[in-house]
Amino acid sequence: MSRVTLQEIADHLGISKFAVSRALTGKPGVSEDTRRNVLSIAEEFGYIARRTKVTSQSIEVIFHDRSVANRELWIDVQHGIEMEATRFGCSMAVRWTDDHRIIERLEAASLGFILVGPQEPRMFDAALDSAVPAVVVAHIVPELYRMDQITATDVEAGVFVAKFLHQLGHRRMVYAHGQLGYPGRYARLRGFSEAIAELDGAQLREIAFKEDYFAADLRGAVMKMADDGFEPTAIFCGSDGVAVTVVSELMRMGISVPDDISVVGHADYPIATQVSPNLTTIHMPHKQMGIAAVRQLLSRIGLNGQLNDLPPQRLSLVPHLVKRQSTGPAATQSWKTKI
């Protein structure tokens with residue numbers, strides 16, 4: 001006979017497994033009626049606790065590896081986590097590992113887990129099976145996964161940029177992925193392409209690079225488009241780093257930004273104002289995503305509001321456009337004569 005889990009008790013009572021966990025360990029955050037019901041059903045089901053009481057106030061932050069943790073996006077998220085954990089008087093420990101067994105090793109001394117960035121499926125499953133809550137800060141999670149997720153509205157960002165450029169008169173637009181393989185970039189492309197399909201006279205092409213800073217791929221792709229009768233007047237880039245590559249290479253080609261081609265970045269990293277012209281870009285609330293993750297985690301254990309009786313949530317924070325010097329009205333004359 002398989003071991004009875006917290007989730008089975010929670011499903012039977014129609015509450016969250018974290019409410020069950022707090023009831024069984026005598027912690028605040030649940031009513032006395034809920035506590036009595038949980039203890040009664042746990043006894044009836046023959047539940048055997050697998051962990052001892054929480055012995056610290058640590059929030060465990062887990063990255064898949066150091067290369068993920070060192071990306072500017074996830075550094076900003078980590079900063080937000082640290083700020084909010086400190087505000088609530090919690091310590092924070094950061095781990096870089098793809099070993100899912102770390103969840104069981106750490107849960108007895110943890111308030112909960114925040115999984116940041118891409119993770120292996122086994123890490124998701126281990127966190128989901130844990131007696132303490134877990135929140136994931138990432139672009140995607142498995143479908144209908146019973147775990148809170150903090151992300152940003154990438155699809156909406158793509159829609160907004162398409163409409164913004166269209167209002168400036170741009171009709172031939174390009175999406176520059178940079179290096180392929182990043183889920184957020186695909187989500188932004190989805191919104192961008194869906195919007196362009198609905199906008200009067202708008203057309204879309206795509207460019208991908210071997211690496212984000214591999215400018216050689218851009219020149220040939222842009223010239224081939226122009227030779228085929230599609231002379232782009234605006235480029236939306238998968239990141240600010242890609243946008244800097246695009247702006248630099250266009251200027252080397254003799255193409256003016258934004259007089260000939262407008263360029264929009266994404267994220268609003270410091271590099272956006274260190275290049276000339278300064279980048280128009282989507283400002284992403286990465287630090288606030290980390291703050292939201294801590295608040296969501298603490299809410300699940302009754303320390304910051306009450307989410308115990310609600311199902312898992314998908315919380316998407318809304319970015320905003322920062323207009324700078326790299327965008328302007330669509331050019332009315334061909335830039336091919338400059339090349």
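In the predicted model, helix 7 spans residues 121-128, and its buried residues are Met123, Phe124, Ala126 and Ala127. Viewed down the axis of helix 7, these buried residues fall within an arc of 165°, and they therefore line one face of the helix. The face turned away from this buried side carries Pro121 and Arg122, both of which are exposed.

Helix 5 (residues 72-87) packs with helix 12 (residues 286-300) at an angle of about 45°, and their axes are 6 Å apart. Helix 5 is therefore oblique to helix 12. The crossing of helix 5 past helix 12 is right-handed. On the side of helix 5, the contact is made by Leu73, Asp76, Val77, His79, Gly80, Ile81, Met83, Glu84, Ala85 and Arg87. Helix 12 contributes His286, Lys287, Met289, Gly290, Ile291, Val294 and Arg295 to this contact. By residue class, the contact of helix 5 with helix 12 consists of 8 nonpolar, 4 polar and 5 charged residues.

Technical notes
Residues numbered from 1 in each chain as written. Predicted model: local features only at pLDDT ≥ 70, side-chain atom pairs only at ≥ 80, totals over all residues. Heavy atoms only, no water. Axes fitted to C-alpha atoms, helices over the stretch in contact; angles between N-to-C directions. Helix = DSSP H or I, 4+ residues; strand = E, 2+ residues; numbered from the N terminus. Parallel < 35°, antiparallel > 145°, perpendicular 65-115°, else oblique. Left-handed = near helix turned anticlockwise from the far one by under 90°. Contact = heavy atoms within 4.5 Å. Nonpolar A, V, L, I, M, F, W, Y, C, P; charged D, E, K, R; others polar. Buried < 20%, exposed > 50% of the residue type's maximum accessible area, 1.4 Å probe, protein only. Arc of directions from axis to C-beta.
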